[in-house]
Amino acid sequence: MPPLDGIRVLDLSRVLAGPYCTMLLADLGADVIKVERPDVGDETRSWGPPFAGGESAYFLAVNRGKRSVALDLSRPDGQAAVRRLARRADVVVENFRAGAAERLGAGYEALARENPKLVYCSITGFGDDRPGYDFVLQAESGLMAITGEVDGAPSKVGVAVVDVLAGYAAATAILGALVGGGGTRVEISLYDVALSALVNVAQGALVTGTEPARHGNAHPSIVPYETFATADGELAVAAANDGLFARLCEVLERSDLLHFATNPERVEHREELVAELGRVFATATADEWVERLRSVGVPAGKVRGVLEALADARTLTVDHPTLGALPLVRSPLGASLRPPPLLGEHTREVLDELDG
């Protein structure tokens, strides 16, 4: 039995952080009812290409396991339907701009009156009325400033990582509130999530008062912990302690490098050491080095493209109502076999349940 079997989630969110949160809850067995605007739906339905049979890949990626109900919350009947849905829900998730939920009759006070046991989760950009998109949050939080090549421009991470982490944070907070008996409001700000995701980099800045630098694919505090060019591609090597470095030198047949015995010494002589390692790694292919390094327990991996990585991934296939067999990336939590919904696909079904 899935751990959240019997838990109903009213999903008033859209785009990424909120839908990712509710998808995680669906993966754990919750019945997630996604409320969307009639005719338009979640804006990610139009975020493409790529599309698959008219459905955007973006929407498909973060909405599996849900039922879609089309309601116009600007109309009294739509607001009345949301109140009825809230009476039978355990959780509400929303990421409206400040004040919008209240204007639409879906604010915390209004829905808590309908159901005092609700866990009501609000996801915002900055905890105020500023809009919050991942790209801006990466810039404002400092994450962009530490990402990119050493001598290049600041760069965003290749996926909307702040939104994804916010989804995990919101799901975790919701689960904690459910364990606590419900009847509470949970507030998650993307800005707080982004700052907390800086972990050791933020702590280093706090204790030194120094602005952190970009290190590209290298690590500011560990050497060697970066990519190297091989005979046919890039290799990621993470010799994160003195023992692993000794094994690395053994595989490379470079015992002379062991005079860099401690990590602080290796950090101090980073340029010299990395140059020597680079010359050795260039003599064989990435696959050859991966096999040699893994055989002695040194963490290493070939830098692969997404399709190459997915070829070895644990994916799942669901039966989509218009696309047929639809491949999806499997959630680390386990995954519902319910496909991402069509816009308004379950409106009649869900509203009929309210009358039952």
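Tutor: Here is a walk through the sheet, a helix pair and some backbone details.

This is a predicted model, where local features need pLDDT of at least 70, side-chain atom pairs count only at pLDDT 80 or more, and totals for chains, interfaces and linings use all residues. Residues are numbered from 1 along each chain as its sequence is written, and side-chain values use heavy atoms, with hydrogens and water left out.

Start with the sheet. It is open, has three strands in the order β9-β10-β11, and its pairing is antiparallel. Strands (E, at least two residues) and helices (H or I, at least four) are DSSP runs, numbered from the N terminus. Two strands pair if DSSP finds at least two bridges between them. In general, strands of a sheet pair through backbone hydrogen bonds, either parallel or antiparallel. The edge strands here are β9 (225-229) and β11 (300-302), and each pairs on one side only. Neighbouring strands are turned by 20° against each other on average, direction ignored. β9 and β10 (residues 234-238) pair over five bridges, in the antiparallel sense. A229 stands opposite E234 in β10.

A helix lies against this sheet. α13 (residues 286-295) packs on the sheet and touches β10 and β11. Contact means heavy atoms within 4.5 Å. The direction of α13 makes about 160° with that of β11. Axes are lines fitted to C-alpha atoms, for helices over the stretch in contact, and angles run from 0 to 180 degrees between N-to-C directions.

P224 sits in the loop between α9 (199-208) and β9. The peptide bond from V223 to P224 is cis, with omega near -5°.

Now the helix pair. The axes of α10 (residues 242-252) and α12 (residues 270-281) come within 11 Å and cross at roughly 40°. That makes α10 oblique to α12. Angles under 35 degrees count as roughly parallel, over 145 as roughly antiparallel, 65 to 115 as roughly perpendicular, and the rest as oblique. From α10, the contact uses F245, L248 and L252; from α12, L273, L277, V280 and F281. By class, this contact has seven nonpolar, no polar and no charged residues. Ala, Val, Leu, Ile, Met, Phe, Trp, Tyr, Cys and Pro count as nonpolar, Asp, Glu, Lys and Arg as charged, and the others, Gly among them, as polar.
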